Amino acid sequence: MSPKEQLWPHIPEFVDGALNHIAQISKVLGEQIGTEQPLWPVAIHGHYADAGDSAALLSGALNVPMLFTGHSLGRDKLAQLLKQGRMSRDEINSTYKIKRRIEAEELSLDATEIVITSTRQEIEEQWRLYDGFDPILERKLRARIKRGVSCHGRFMPRTVIIPPGMEFHHIVPHDGDMDGETEANADHPASPDPPIWAEVLTNSSTLLCASSLTHANPMILALARPDPKKNITTLVQAFGECRPLRELANLTLIMGNRDGVDEMSGTNASVLLSVLKLIDKYDLYGQVAYPKHHKQSDVPEIYRLAAKTKGVFINPAFIEPFGLTLIEAAAHGLPMVATKNGGPVDIQRVLDNGLLVDPHDQQSIADALLKLVADKQLWARCRQNGLKNIHLYSWPEHCRTYLSRIASIRPRYPQWRWNDEGIDQPESPGDSWRDIKDISLNLKFSLDGEKDEGGKHPENDVGSEKNAVDGKNKLENALLQWSKGVQKDTRNSSITDKIGHTSSTGKFPVFRMRKHIYVIAVDGDNVSGLFEAAQKIFEAAGRERTEGCAGFILSTSFSMSEVESFIISKGLSFHDFDAYICNSGSDLYYSSLNSEESPFVADSDYHSHIGYRWGGEGLRKTLLRWAASIVDKKGEKEEEIITEDDQDQLSTDFCYSFRIQNPAKVPPVREVRKSMRIQALRCHIVYCQNGTKLNAIPVLASRSQALRYLCIRWGVDMSKMVVFLGECGDTDYEGLIGGLHKTLILKGVGGSALTSVHANRSYPLSHVVPFDSPSVVEVPEDCSDADINAALEKVGLTVNP
């Protein structure tokens, strides 16, 4: 296992550290420009699966838009490894933690506004393998949004093709590269030839010396490692069997560096031996060069040598995700022949500097090479097109395109900033709809409802187009457009109707002044068990609790009404806790300083903060249909296993709750998430209370994310927090273990949940949880106050009993 794969359990710790850094930098920038508010990032961009996972959590914690570039994708890699047949699925997962990687990429699709790819092939052949992405459905949904038709809470991230940028300023194609070497004289002596030229030339009998380059045969250049996927053997076969091509050109194969065949890897050695056998079979000695060594700095000179001979660059790979060497070759004035599978299609569309071929068709490869080598006018035209259009792959062009895409995103920022300042939030620029004019608006699944009055639907309004302005002000103005905010659902809000709300930072919450904050997140199937664990922790806290040095936060899957009822029935005090994270992290309350009005106060900004892509009533209807399909057949009778928890009015605007009659009969949580993702519904499904309840909450809401929200909003140091957990818990349990906070695991508590909700986990808990971290300590079963205090000391906290 590579060191990179060992980083997965430490992502929460990185996210917490990055969150602190972003908060500090944003505050400093705000002060420097003379505002009283932090200057938050415009967007967060994740690259690769692990950074995508991190960016999704940061995006949710900050309510800032996210962009994602997957690069090498897990599902594609898994398919390729299985095709090779050298490792089983379990061995692949153990070596590469591939299931954890795939889930991170799925979460990135849930959270991101835009997926950036280098080529169309990535979209159509790689991203479409994921549950959370369908390119056809994505265009249909955007078309519905544009025409004001409801999407019923469904969302698909937009894909944008932005090729990587390159530096071209150091590349200067000489006139001699086109028309033959310029004649040297006393005033302009000829520059010495690069040493790599001699290395290449000595392998080809028709290229006798550098001074005869004007009359040399054109060089067909391939630059790739000797990997079967690069299809080099088919190229050599095509060259060997086409006599006209052999008479006109030579073949140069730059296949990496090697000392001896025996020291190469098995597959690479096999390809090289196959090439040598083909050279012998077709008697290509003196016509094929394959130098053993070259430096990276030699590569531009090799391109230049090929251009001097009016040669051609070829990439015959079976599939080429992008094709960076094609762009490098074009920058040096080399026309190309390339595979029609993957990135070269987009490159040819932009540069128009060569021919595309079927990599499996040997004759097609030979014909394309012969056509470019024999037809000097075609060769010159392809060369000129490449040089003329190559700037489209420059870094300045890349940056312009990238920034314009960021400008098209509806901006989002920490919600309390707007509420505190009272700033109106105008609309953002709309997206481009040029590619969806011919697509039907009829979705594959049933969608109730049509346009609302006025032809627009509030949950999907993309905003009006802004008037264009000149110069760079256009981009700057676009980046300063703010969103319209989140349209709230109108479902049950019985709890929030009878409690206060706060959007100010003046009085709340009390825990801002605490020395330590104990987060009690012990899971079970009843509220009494939760408070029993809390009472034990209260007693262990001793004087720190009575003197106010330690604060307490209750974090639970139970609703606030259930917590309230229990507190009242047992004669407990609401002030035992400074804050209440309820409904698996979808609701947040603070104990009120003014108990005459209400014992607790809802954070009214929190829902706006977590409401990104919340499906609302459309999601609820889909969940009801799904729940109705899960039945327990007993003879001719069918009994529902999952029912909506509306009897006790436990569902809220941002949490749809369902009761589970038989936890053993429900599908694993990953299957429910998959079902919702396929239908473009973005939500976080949590099995809780020992598998007897299901909560559906916003996709970036969770109990761990609620803690990050408290830290970023109120300036609380995450390292001051101690999270108390059971030995097992709800399906969001893993997110609470890692991070900058300390974690104490109470052995013997919550253990029955292990079989009911975690038996079907797609990857081991060790792939995501840093159990070897010094910040994670286990407390013995049936622990005493002394045991808890001893565990606190292990994580660096000293408690005065």
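Visitor: Which helices each supply at least two residues of the lining of the second largest pocket?
Guide: This is a predicted model, where local features need pLDDT of at least 70, side-chain atom pairs need 80 or more, and totals for chains, interfaces and linings use all residues. Numbering starts from 1 along each chain as its sequence is written, and side-chain values use heavy atoms, without hydrogens or water. Helices are DSSP runs (H or I, at least four residues; strands E, at least two), numbered from the N terminus. At least two lining residues each come from helix 3 (74-84) and helix 6 (120-126).

Visitor: Which residues are closest to the centre of that pocket?
Guide: A pocket is an open set of 1 Å grid points, over the protein atoms alone, where a 1.4 Å probe fits, with protein on both sides within 12 Å along at least five of seven lines; lining residues have an atom within 4 Å of a point. Of its 31 lining residues, the closest to the centre are D76, Q80, R225, K229 and P321.

Visitor: How many lining residues does helix 3 give to the second largest pocket?
Guide: Helix 3 supplies the largest share of this lining. Its contribution is seven residues.

Visitor: Which residue of strand 7 stands opposite L251?
Guide: Strand 6 (residues 250-254) pairs with strand 7 in the parallel sense, over two bridges. Opposite L251 stands V288.

Methods:
Pairing = 2+ DSSP bridges.
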